[in-house]
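Here's a quick tour for anyone meeting this structure for the first time. Have a look at the sequence and the 3D view, then read on.

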Amino acid sequence: MVKITKLIPVFLILLALGARLLPGPRTIDDSYITFRYARNLLAGEGFVYNPGVPVQGTTTPLYTLLMTGLGGLAGGSTADFPVIAWLFNAVADAATVILLWLLGRQVRHELAGLATALVWAVAPYSVTFSIGGLETSLYTLLLTGLAYAYTSRRNLLTGLLGALALLTRP
C-alpha cells in the first residue's frame with residue numbers, strides 16, 4: 001500500500017501542471033521582447049532587439065538565453081517561443097511547488113509548506129504570469145530554491161541560485 005506522503009509530490013506536480021496547461025498559452029506583450037532577442041540570437045544577429053542596433057533592452061537576460069537555448073532545440077529562429085515559454089514555465093512552477101513543500105518540511109512546518117505549495121499551484125496570478133510567457137516562474141523557482149538551499153546550509157548552491165536570480169531579473 002502506498003503511503004499518502006508519497007503521493008503528495010505527484011498531486012502537487014499534477015495540480016500545478018494542470019492549472020497551467022489547461023488554459024494554454026496566453027502570451028502577453030513583454031514576453032515578445034524576450035522572444036525577439038532569442039530569435040535574433042538564433043538568427044546570428046546578436047543579443048539585440050533590432051539587428052545592427054546594439055542596445056540592451058531586455059530586463060531578463062538569463063531567461064532570454066534560456067529561451068534561446070530551448071528555441072535552438074525546437075526549430076531555431078522560427079521556434080514557437082510562446083509555446084516553449086508556456087511549457088517551460090509550467091514545469092518550473094511544478095518544481096517550485098515541490099520545493100515549497102520540501103522547504104516546509106526542512107523548517108519542521110510541513111503543513112505550512114504544503115499549504116503554501118497548494119496556494120502557489122493554483123493562485124490566479126501565478127498561473128497568469130506563467131501562461132503569459134514571462135520569466136516569473138523561473139525567478140520564483142530560483143528564489144525558492146535559494147531559500148531551500150540556505151535552510152539546508154548549502155552555501156555554494158545558495159550563492160549560485162542567488163546569482164542566477166539576479167541574472168533572471170536584475
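Leaving aside neighbours within four places in sequence, which residues is Tyr63 in contact with? The list is Thr34, Ala85, Phe88, Asn89, Gly133, Leu134, Glu135 and Leu138. Keep in mind that this is a predicted model. The protein chain has 8 helices and 0 strands, so let's start with the overall picture.

**The big picture**

- Read from the N terminus, the elements of the protein chain go α-α-α-α-α-α-α-α.
- A compact globule of 170 residues would have a radius of gyration near 15 Å, and the protein chain's 17 Å agrees with that.
- Taken along the principal axes, the C-alpha atoms fill a box of roughly 60 × 35 × 25 Å.
- Out of 170 residues, 40% count as buried.
- If you take contacts between residues at least 6 apart in sequence, 69% of them join residues at least 24 apart.

**The nonpolar cores**

- The largest nonpolar core has 13 residues, and the ones touching the most other members are Phe35, Tyr63, Met67, Phe81, Ile84, Ala85 and Leu142.
- Two or more residues of this core come from each of helix 2 (29-42), helix 3 (61-73), helix 4 (81-106), helix 7 (136-151) and helix 8 (155-168).
- Apart from this core there's another one, made of 12 residues, including Leu12, Ala16, Ala94 and Val97.

**Rings and a charge**

- You'll find 6 aromatic pairs in the structure.
- One of them is Phe35 with Phe81: their ring centres are 5.9 Å apart and their planes sit at 20°, so the pair is stacked.
- Because Phe35 lies in helix 2 and Phe81 in helix 4, this pair ties together parts 46 residues apart in sequence.
- Phe35 counts as buried, since its relative accessibility is 0%, and Phe81 is buried too, with a relative accessible area of 0%.
- Ring pairs also bring in Tyr32, linking it with Phe35 and Phe81 into a cluster.
- Elsewhere, Arg36 has its charged end over the ring of Tyr49, 3.9 Å from the ring centre.

**A closer look at Tyr32**

- Tyr32 belongs to helix 2 and is partly exposed, with a relative accessible area of 43%.
- Not counting residues up to four places away in sequence, Tyr32 touches Thr27 and Pro82.
- From Tyr32 to Leu160 it's 128 residues in sequence and 28 Å in space, C-alpha to C-alpha.

**Helix 6 and its two sides**

- Within helix 6 (residues 124-131), the residues Ser126, Val127, Ser130 and Ile131 are buried.
- What do the buried residues of helix 6 pack against? Their partners are helix 1 (4-21), helix 4, helix 5 (110-122) and helix 7.
- Just after helix 6 comes Gly133, with a positive phi of about 85°.

**Thr96 in helix 4**

- Thr96 sits in helix 4 and counts as buried, at 0% relative accessibility.
- Leaving out residues up to four places away in sequence, Thr96 touches Trp120, Ser137, Thr140, Leu141 and Thr144.

Technical notes: Residues numbered from 1 in each chain as written. Predicted model: local features only at pLDDT ≥ 70, side-chain atom pairs only at ≥ 80, totals over all residues. Heavy atoms only, no water. Core = buried A, V, L, I, M, F, W, Y, C linked by side-chain atoms within 4.5 Å. Buried < 20%, exposed > 50% of the residue type's maximum accessible area, 1.4 Å probe, protein only. Helix = DSSP H or I, 4+ residues; strand = E, 2+ residues; numbered from the N terminus. Contact = heavy atoms within 4.5 Å. Phe/Tyr/Trp six-rings, centres within 6.5 Å; stacked < 30°, edge-to-face > 60°. Lys NZ or Arg CZ within 6 Å of the ring centre and 35° of its normal. Rg over C-alpha atoms; globule rule 2.2 N^0.38 Å.
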